[in-house]
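Hello,

Here is the structure you asked to look at. My notes on it follow below.

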Amino acid sequence: MDVAYECWFCDPLSLVENILANSEFHGEFDYSPYRDFTTGDSKRRFENFMSGDWAWLQVDAIARDPSMHEATFVPIILGSDKMTVSVATRQNDYWPVYLSVGNIHNNVRCAHRNGVKLLAFLAIPKAAKKYTDDPAFRRFKKQLFHVAMSKILGSLKACMMVPWVMKCPDNHFHRVICGIGPYIADYPEQVLISRIVQNWCGRCTASPDDLDVGRPPRTVELMRAVIEELQASAAWDEWGIDANVVPFTEDFPRANICQLLALDILHQLIKGGFKDHLVEWVGKYLELVYGKAGAKERLADIDHRIAAAPPFPGLRRFPDGRGFSQWMGDDSKALMKVYIPAIEGHVPSDIVRTFRAFLEFCYIVRQNVITEDMLSDLKMALDRFHRYRENFRDVGVRADGFSLPHQHSLVHYGALICLFGAPNGLCTSITESKHIIVVKRPWRQSSKHNALGQILWTNQCLTQLAAARADFEACGMLPLLHARDSVSSQGNTEFSPSID
């Protein structure tokens, strides 16, 4: 039986034009790649996206064509995250896709300020349970995603080949050349986007049983050669490549999807490395050493210590210790600050040093500006973490090793910071927070029956109101919002693009 799937989307070229024409970004918009250096010792500083090497290399490649000279390069940053709005009433799943440009500064993108736009709602194919694990159905779902993304981004292809004239935040018209930039996604969607096999790395050729170290990077040429020379089963088993899927980036110039997988501080470090790995391993260690009853007693004491943390600016209180009904990213960030003194005395000193090295790594990558010296500190923290985490292997908690995709991703942070700038400008926390404005609040305001159309209509109306306010401010009919007010009122004033 044939089934039709609907995919709702905006014209991405119109979204890019709207972002570039927004005069609010004047002074927070980079028209060309640059390299920033510290004063005195002249060492590199990585901050906004255009300060990284990837944009610089892209412009070098574009400049080989004389017709592209004096054009402004606009990287198209994409992000998607499948989500569930309500489990209690019914399984209401949505799959929004967001679009931004790499020229705006990281602080603008993190605060949204109309710098992150809703691009599309993708179709979510569903089937009877007996077909859920069917290889043909899984292959169909993967290829449907890539075909849909290729169709959605189709209007941008012309602007990737020939410069278009567009109005920019300085109120001048520039010749603009676009290109597919980093893709913001968590690990399950990175697997889908890069057509790799689950538990493999999308950036390098490390196999699932050898993720402790980095390996040579995946390239478009390598993946094409493997698919051409090997059978699909051999490409799957030996290289972790799904040869039956054609990624959407094949339809666009200068796009290497394996290089464009963005870092994900939220899922790789905060939720993955800290919550799902280290915190869980402490519980398993206590159970192995003291038994179930002794482990419960010591975990209760750890919770008591966490709850007893004194009030202090920047510290969050946990009256019930680790007893969250649902762990959120902010919960893990706050727990990081008080967890080491809570476990002191219950675990060996080397396990405490494991946490210290990991948290040092986390706090460095979460900085707004990262220098070459900080990259050296990052490497040393990672080396210490790899050395001290062996204690979990020695005591039997991780007897099978540490081949975990989230922890393996740590070896790529240094290189990707050099490519894309500070990671906080390309984190899934941006799309997670955008969900609230784009999907969750409009869904609550809907009748819950065929809610997608109502969500789209709500977003369209609110976007038009936001555009009207921006126009009134530009004409002097309304007072300009202060920077602090603009950021604090995002939940009421920042909305997605209109969808026709």
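In this predicted model, strand E9 (residues 164-167) pairs with strand E10 (residues 173-184) in the antiparallel sense, over four bridges. Met 166 stands opposite His 174 in E10. The two strands, E9 and E10, form a hairpin, and five residues lie between them. Asn 171, in the turn, has a positive phi of about 65 degrees.

Next, two helices that pack against each other. Two packed helices are described by the angle between their axes and the distance between the axes. For helix H9 (residues 265-307) and helix H11 (residues 349-365), the angle is about 170 degrees and the axes are 11 Å apart. Angles over 145 degrees count as roughly antiparallel, so H9 is roughly antiparallel to H11. On the H9 side the contact includes Leu 269, Gly 273, Phe 274 and Tyr 285, and these residues of H9 are among those that meet a set in H11 including Thr 354, Phe 355, Phe 358 and Cys 362. The residues of this contact of H9 with H11 divide into 14 nonpolar, two polar and no charged.

Last, the second largest pocket. It holds about 820 Å³ of space. Of the 31 residues that line this pocket, the closest to its centre are Lys 82, Arg 138, Lys 141, Lys 142 and Leu 192. Helices H4 (135-152), H6 (187-193) and H8 (232-239) each supply at least two residues of the lining. Which helix gives the largest share of the lining? That is H4, with six residues. By type, the lining of the second largest pocket divides into 15 nonpolar, four polar and twelve charged residues.

Regards

Notes: Residues are numbered from 1 along each chain as its sequence is written. This is a predicted model: local features need pLDDT of at least 70, side-chain atom pairs count only at pLDDT 80 or more; totals for chains, interfaces and linings use all residues. Side-chain values use heavy atoms; hydrogens and water are left out. Axes are lines fitted to C-alpha atoms, for helices over the stretch in contact, and angles run from 0 to 180 degrees between N-to-C directions. Angles under 35 degrees count as roughly parallel, over 145 as roughly antiparallel, 65 to 115 as roughly perpendicular and the rest as oblique. Contact means heavy atoms within 4.5 Å. Ala, Val, Leu, Ile, Met, Phe, Trp, Tyr, Cys and Pro count as nonpolar, Asp, Glu, Lys and Arg as charged, and the others, Gly among them, as polar. On a 1 Å grid over the protein atoms alone, a cavity is a set of points where a 1.4 Å probe fits but cannot get out, and a pocket is an open set with protein on both sides within 12 Å along at least five of seven lines; lining residues have an atom within 4 Å of a point. Grid points are joined across faces, edges and corners, and a volume is the space filled by probe spheres set on the points. Two strands pair if DSSP finds at least two bridges between them.
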